[in-house]
Each structure stands twice: as C-alpha cells, then as structure tokens.
Amino acid sequence: MSEKVLLVDDEKDFIETLAERMQTRGMDVSTTTSAKQALEMVDNQAYDAIVLDLMMPEMDGLEALSILKEKNPDLQIILLTGQATVEKGIEAMKLGAMDFIEKPADLESLTAKIKKAKAKKIVLVEKKNEESIRKILNEKGW
Amino acid sequence: MVCRPDVIGRTGLAFFGAMSASNFHEINNALAIINENAGLLGDLIHMADDGSEMDLAKLDLVSARIIEQVGRTREIVKTINRFSHSVEHPEKRVDLGETVVFVAHLAHRFAHMNGVAIKAKLPPAPVKITTSPFFLENLVWLCLDFAMQVTGDEKVITISTGQLPEKGFVRFSNLSRLTSEVFESFKKQDELAILDTLEARIAADLEKKEVLVTLPVRFSEP
C-alpha cells in the first residue's frame with residue numbers, strides 16, 4: 001500500500017511540484033500552504049508522514065509540530081528547513097520530530113525518510129494492538 | 001587595548017545580519033522550487049523513455065516556473081547587492097520615499113511572516129535629504145518592525161513621506177494597537193540611539209495611531 005503523505009509549506013509552487021513528483025513514485029500526497037489547515041487535515045485523515053516547513057506565516061513549524069504531537073504522539077513528522085543547524089535539529093527532535101531535511105530537498109532522501117516513517121508507524125500501531133489484546137485477555141482472565 | 005562594540009555598531013550589524021539571513025532564506029526557497037522543477041523535467045524524460053507520451057504543455061509549464069524563480073532570485077540578489085553597497089557611503093543624498101520602498105522590499109519576508117501588507121504613499125516630488133543611507137534604512141526597519149507589532153487586525157501599514165521646513169518625514173500609519181506605554185517602551189530600546197546619529201526625532205500621535213520620524217535635510221556626519 002502506498003505511503004499517505006501530507007506536505008505543509010507556504011511556498012505553493014514548491015509543494016505542488018514536489019507532490020507531483022512524489023505521486024509519480026506511487027505516494028498518496030495531500031498538500032496545504034497553511035499550518036492551521038494542516039492541523040484540521042490531520043484530524044480528518046491518517047497520514048503515514050507529515051513533511052512540515054519550519055518557517056511559515058501564522059504558525060511556525062516548531063509550534064505546529066508541538067500541537068500535532070499533542071494531538072497524536074504517534075504522528076511521524078519530518079521537518080523541512082532552509083538552515084539545518086545542529087541547534088534547530090536538537091530542538092526539533094526534543095519536540096518529537098522524526099527527522100529533518102534541508103531545502104532544496106533531495107527527493108530520494110526524502111522518500112527514504114517517508115518509507116521509514118511509515119514503517120515506524122506500523123510498528124507503533126501493532127504495538128498498540130498487542131497492548132489492547134493483552135489488556136482484554138487480562139480483563140477476561142483467559 | 002580593549003575594544004568594546006558600540007550600540008550603533010551593534011545595531012547596524014544586527015540589522016545587516018537579519019536582512020541578509022531573511023533574503024538568503026528567500027533565495028533558498030526559490031532554489032528549492034527550481035530544484036523540484038528540474039527534477040520533474042528529469043522524471044518526464046524518464047517517463048518518455050519508458051514509452052509515455054511527452055506532455056509538451058507540461059514541459060512548457062515547468063520551463064516557465066524555472067524562469068519565474070530565476071527572475072525572483074535575480075531580484076533578491078539585486079536587493080542584497082544594493083543593501084550591501086549602502087554601507088559604503090557614510091553620507092549621501094537620498095530620496096526618502098525610495099528608501100522607504102526599498103526597506104519594505106528588503107524586509108518582505110518579515111512582513112510575509114507577520115501577515116502584514118505594506119503600502120507606500122509617496123508625494124509627487126521626491127523628498128531628498130543628505131544622511132547616512134545605511135542607518136536611515138536601519139531606522140526605517142526598526143520603525144517598520146515596531147509598526148508590524150502594533151498594527152491592527154486589518155494588518156496593513158501605510159508608510160508615507162513628505163517635506164517640512166528644513167526637514168523630511170516618514171510617517172507610519174494604521175497602528176491601531178499603538179499606546180503610550182508601548183511607544184515609550186519602543187523608544188527606550190538601545191537601538192534607537194540611531195536617531196541621534198541621524199539627528200532624527202520620533203513622535204507618536206496616539207489619536208491618529210501614527211508614528212512620525214523627522215530627519216534634517218542635511219545631517220552633520222559624525
């Protein structure tokens with residue numbers, strides 16, 4: 001099954017072209033230029049990975065990252081940054097980003113990170129399912 | 001010998017750094033779009049190699065996007081170049097209105113990030129003063145930055161220029177959130193030592209919600 005990805009960046013020409021290239025590689029891609037809209041989209045759809053620009057008007061990437069992780073700690077978020085400093089990277093990781101990638105983005109590298117995000121999400125979902133089953137078994141005393 | 005950075009030097013450096021970083025960030029964004037479109041061209045060629053029909057309209061579109069972003073980058077480079085050269089002249093005869101428009105352009109990304117539109121209202125005849133071009137740009141930026149924090153929900157700042165006897169002025173309007181406390185706090189910032197360097201004055205009109213900067217027609221270069 002193809003990876004379901006949400007791209008969030010205020011540069012429309014950038015994400016539209018990136019989305020098109022990702023779609024030709026078999027990914028199911030949604031886009032938005034607004035971090036606020038991204039928060040709503042995440043409420044309505046399950047994404048394998050969210051690629052989120054660090055610097056956007058209305059709400060910056062780190063703030064959006066914080067809110068997204070609060071909504072769903074299992075969300076796999078890759079930060080897109082124009083200046084990948086070590087400090088920013090550390091701050092992003094502390095807030096729960098899965099990874100970060102510098103613009104201009106290398107698509108092969110980004111694709112690899114997205115596949116990794118999906119695999120991580122599957123592991124988390126399976127773990128949650130196991131825990132649910134264990135809980136039921138314990139409660140029923142089977 | 002102990003070298004202590006002065007307030008003016010520190011302010012100027014901070015301004016130079018902020019504007020450079022912001023504009024280089026814009027260049028990076030344009031490069032990212034060029035990169036993706038160049039990649040898309042590659043993808044289309046591979047698809048044609050595999051037997052898909054070449055979509056000429058698409059190729060045209062991709063080419064147009066690349067050209068647009070190259071044009072955007074060129075404009076940013078011109079802006080940074082002009083800005084860099086503005087430090088060369090400690091004193092120069094400049095057009096106040098043209099300087100204001102230039103600073104608004106230079107600070108475009110900051111305005112975008114704040115969701116603020118900047119409108120320039122210039123008189124028919126240019127208002128020329130002799131001053132330090134770089135520190136005038138710095139002062140306009142400090143006031144613009146302040147204006148962006150105190151503008152109202154409509155998020156539009158109007159900057160106008162004009163002439164007074166022996167002076168030129170720059171007026172920042174539509175500052176709905178301007179209060180006495182906020183303005184006094186702004187005036188107390190170290191960075192506003194630039195006012196003395198330019199022999200400028202700043203005042204707020206709390207009723208009209210405006211800030212007015214007046215500058216002498218000719219300053220005495222420090």
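The lining of the largest pocket is made up of one nonpolar, five polar and seven charged residues. In this classification Ala, Val, Leu, Ile, Met, Phe, Trp, Tyr, Cys and Pro are nonpolar, Asp, Glu, Lys and Arg are charged, and the others, Gly among them, are polar. The model is a predicted one, in which local features need pLDDT of at least 70 and side-chain atom pairs count only at pLDDT 80 or more, while totals for chains, interfaces and linings use all residues. Residues are numbered from 1 along each chain as its sequence is written, chains are lettered from A in the order in which they are written, and side-chain values use heavy atoms, with hydrogens and water left out.

**Pockets**

A pocket is an open set of points, on a 1 Å grid over the protein atoms alone, where a 1.4 Å probe fits and protein lies on both sides within 12 Å along at least five of seven lines; lining residues have an atom within 4 Å of a point. Grid points are joined across faces, edges and corners, and the volume is the space filled by probe spheres set on the points. Helices (H or I, at least four residues) and strands (E, at least two) are DSSP runs, numbered from the N terminus.

| Pocket | Volume | Element giving the most lining residues |
|---|---|---|
| Largest | about 290 Å³ | H2(B), four residues |

Of the 13 residues lining the largest pocket, Glu11(A), Glu26(B), Arg72(B), Ile76(B) and His108(B) lie nearest its centre. Three helices of chain B, H1 (7–49), H2 (56–85) and H4 (108–114), each supply at least two residues of that lining.

The lining of the second largest pocket includes Met55(A) and Gln83(A), along with residues of chain B such as Phe24(B), His25(B) and Phe110(B). H1 and H4 of chain B are the elements that give two or more residues to this lining. By class, the second largest pocket has six nonpolar, four polar and one charged residue in its lining.

**The interface**

Between the chains, 19 residues of chain A are in contact with 22 residues of chain B (heavy atoms within 4.5 Å). The buried area is about 1800 Å², and carbon and sulfur atoms give 50% of this; buried area is the accessible area (1.4 Å probe) lost when two parts are put together, summed over both.

Five salt bridges are found across the interface, a salt bridge being a side-chain nitrogen of Lys or Arg within 4 Å of a carboxyl oxygen of Asp or Glu. One of them pairs Arg21(A) with Asp43(B), with the closest N and O atoms 2.9 Å apart. The side of chain A that touches chain B has seven nonpolar, four polar and eight charged residues.

**Other local features**

Over all chains, the structure has 24 salt bridges. Lys4(A) and Asp28(A) form a salt bridge at 3.3 Å, N to O. Lys4(A) is in strand E1 (residues 4–8) and Asp28(A) in strand E2 (residues 28–32) of chain A, so the pair ties together parts 24 residues apart in sequence.

Most residues other than glycine have a negative phi, and most peptide bonds are trans. Lys103(A) and Pro104(A) are joined by a cis peptide bond, with omega about -10°. Pro104(A) sits in the loop between strand E5 (99–102) and helix H5 (107–140) of chain A. Glu166(B), not a glycine, has a positive phi of about 60°.
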